[in-house]
Amino acid sequence: MAETKENIVMFPFMAQGHIIPFLALAFQLEKTNKYTITFVNTKKNINKLRSSLPPNSSFNLVEIPFDSSDHNLPPDTENTDSIPYNLVPILIEATLSFKPHFRKLVSGLVSEQNGQKKPLCIITGIFFGWCAEIAHELGVFHALFIAGGGFGFACYYSMWMNLPHKNTDSDEFLLPDFPEASRIHVTQLTDYLRVADGSDCFSVSMQKLLTLWRNVDGILVNTVEELDKIGLMYFRREICPQVWPIGPLLLSTGSKDRAGKQLGISSPVCKNWLDTKPCSSVLYVSFGSQNTIAPSQMMELALALEASGKDFIWVVRPPSGFDINSEFKANEWLPEGFEERIKLSRKGLVVHNWAPQVDILSHESVSAFLSHCGWNSVLESLSHGVPIMGWPMAAEQFYNVKLLEEEIGVCVEVARGKICEVKHEEVVAKIELVMNETEKGKEMKRKACEAKEIIKNAIKDEKNYKGSSTKAMDEFFNAAFTMRESTLG
């Protein structure tokens with residue numbers, strides 16, 4: 001008789017940058033043929049997933065009830081990419097309403113098997129630490145999955161828990177429980193953090209949710225031990241000794257990139273254009289699914305790209321202050337005639353909405369990536385040995401840039417945030433620094449290629465050699481099985 005597969009429950013926070021690594025992890029586990037995946041989310045996210053999963057996928061997609069209108073959010077709002085940035089805290093707070101529904105859902109999974117074959121583990125997103133209480137009531141192992149990097153989230157966690165900028169008049173400060181991160185500048189704080197004082201509703205909510213991390217059985221991180229030692233050390237020291245770096249977990253691309261997003265350009269068209277360009281000559285520019293720059297910054301960036309004379313692919317979305325999912329108005333937001341000139345000269349591709357990012361970064365013509373430094377983008381870039389020009393916008397992206405620039409040496413920061421003044425001449429200088437044969441540019445390329453090798457080795461699973469991420473995954477499952485045996489015993 002065939003052995004029944006172990007059930008793993010996954011429940012990510014409703015944001016593309018969170019759902020994508022969860023999906024990548026789910027696909028990786030499904031491939032082993034040892035596990036069934038119960039993937040939990042709200043109705044709209046589940047429907048989007050259903051339409052983008054391969055036909056042979058065995059995932060069990062489960063909806064959890066949620067009505068955004070009950071939480072002072074616009075109707076049918078179930079993902080951060082469908083709301084303005086200022087409403088994200090309300091969505092995070094609203095997820096606490098999932099608790100009774102999730103308890104019922106997991107109890108149902110346990111009773112289905114008469115308690116004989118509980119789910120092996122529950123893996124949840126960073127704002128769902130409250131799931132640990134439910135998991136432990138039912139005797140199930142619970143792990144939090146940080147879809148980002150160790151260092152970035154260590155800084156982010158420490159900032160919210162300590163609000164150190166409130167205790168100093170200086171623009172620079174240390175994190176009291178994470179001095180290894182060195183100095184943080186006030187411009188590296190998100191808008192919410194900068195105004196947080198510990199009594200405002202967002203910091204009260206964040207501190208409540210982040211405190212729950214201490215109840216988890218373990219923490220999975222979408223990173224690689226050798227590149228991210230300091231951040232992982234912080235979590236092991238401050239929160240939970242069982243921290244497993246299991247990255248990079250990356251989704252491969254298809255005609256629908258990024259979990260159901262329709263591409264603004266097809267992969268073959270992109271590839272054909274890149275094929276006409278010399279090796280290491282193209283700059284790729286994209287700010288991810290959630291972020292966009294100010295109209296004045298967009299204008300300066302366009303001027304910089306044109307003035308640099310470099311070939312480029314630029315994924316554009318409406319600037320901040322406008323609906324990110326609305327139509328792009330080139331005549332308002334770009335220099336006059338910009339798109340026509342670029343098209344005519346064949347110097348660039350201006351892509352509206354979405355591009356096949358992995359296909360672009362893996363092409364030998366690509367020299368550098370100007371990015372918001374969301375962690376998925378960082379991993380995709382480094383997995384292909386592409387150095388980064390950082391323009392962080394939100395959340396932990398500022399600290400990702402800090403790690404990439406100060407520790408790993410694969411990045412230069414171009415600008416910081418959505419409101420900083422950007423001068424196109426300065427952007428041109430940074431583009432030339434990275435893409436021309438300067439000492440700095442060559443060093444960044446060398447270190448990016450080193451990072452690529454480190455990542456490749458981390459996920460090796462060979463007869464005589466297991467990489468650090470493969471070993472970490474084994475250790476995670478050992479811990480889950482050990483806990484189950486102890487509860488049965």
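The points below describe a predicted model of a protein, moving from the whole chain to single residues.

1. Overall make-up. The protein has a secondary structure of 19 helices and 19 strands. Its radius of gyration is 22 Å, close to the 23 Å that the globule rule gives for 489 residues, so the protein is as compact as a globular protein of that length. Taken along the principal axes, the box filled by the C-alpha atoms is roughly 70 × 55 × 45 Å.

2. Inside and surface. Of the 489 residues in the protein, 56% are buried. The accessible surface comes to about 20,100 Å², and carbon and sulfur atoms account for 51% of that surface.

3. Contacts along the chain. If we take the contacts between residues at least 6 apart in sequence, we find that 70% of them join residues at least 24 apart.

4. Two domains. The protein is divided into domain 1, which is made of residues 6-251 together with 463-487, and domain 2, which covers residues 267-455. The centres of domain 1 and domain 2, taken over C-alpha atoms, are separated by 28 Å. In the contact between them, 38 residues come from domain 1 and 26 residues from domain 2.

5. A covered helix. Is helix α16, which spans residues 397-408, mostly covered or mostly uncovered? Helix α16 is mostly covered, since 9 of its 12 residues are buried. Just after α16 comes Gly409, which takes a positive phi of about 75 degrees.

6. Thr211 lies in helix α8, which runs over residues 201-211, and Thr211 counts as partly exposed because its relative accessibility is 37%. Thr211 and Ile239 are 28 residues apart in sequence, and their C-alpha atoms are 9.2 Å apart in space. Ser111 is found in helix α4, residues 99-112, and with a relative accessibility of 48% Ser111 also counts as partly exposed. For Ser111 and Arg183, which are 72 residues apart along the chain, the separation between C-alpha atoms is 51 Å.

7. Backbone angles to check. Most residues other than glycine have a negative phi, and most peptide bonds are trans. The peptide bond from Gly247 to Pro248 is cis, with omega near 0 degrees, and Pro248 sits in the loop between β9 (243-245) and β10 (256-257).

8. Asn33. Although Asn33 is not a glycine, its phi is positive, at about 70 degrees. Asn33 belongs to the loop between α1 (16-31) and β2 (35-41). Is Asn33 buried or exposed? Asn33 has a relative accessible area of 53%, and because the cut-off for exposed is over 50%, Asn33 is exposed.

9. Asn353. Asn353 is likewise a residue other than glycine with a positive phi, here near 85 degrees. Asn353 is placed in the loop between β14 (348-352) and α14 (357-361). With a relative accessible area of 34%, Asn353 is partly exposed.

Conventions: Residues are numbered from 1 along each chain as its sequence is written. This is a predicted model: local features need pLDDT of at least 70, side-chain atom pairs count only at pLDDT 80 or more; totals for chains, interfaces and linings use all residues. Side-chain values use heavy atoms; hydrogens and water are left out. Helices (H or I, at least four residues) and strands (E, at least two) are DSSP runs, numbered from the N terminus. The radius of gyration is taken over C-alpha atoms; the globule rule is 2.2 Å times the number of residues to the power 0.38. Buried means under 20% relative accessible area, exposed over 50%, partly exposed in between (1.4 Å probe, protein chains only). Contact means heavy atoms within 4.5 Å. Accessible areas come from the Shrake-Rupley method with a 1.4 Å probe; for residues, only the protein chains shown count as cover. Domain bounds come from an automatic or database domain assignment.
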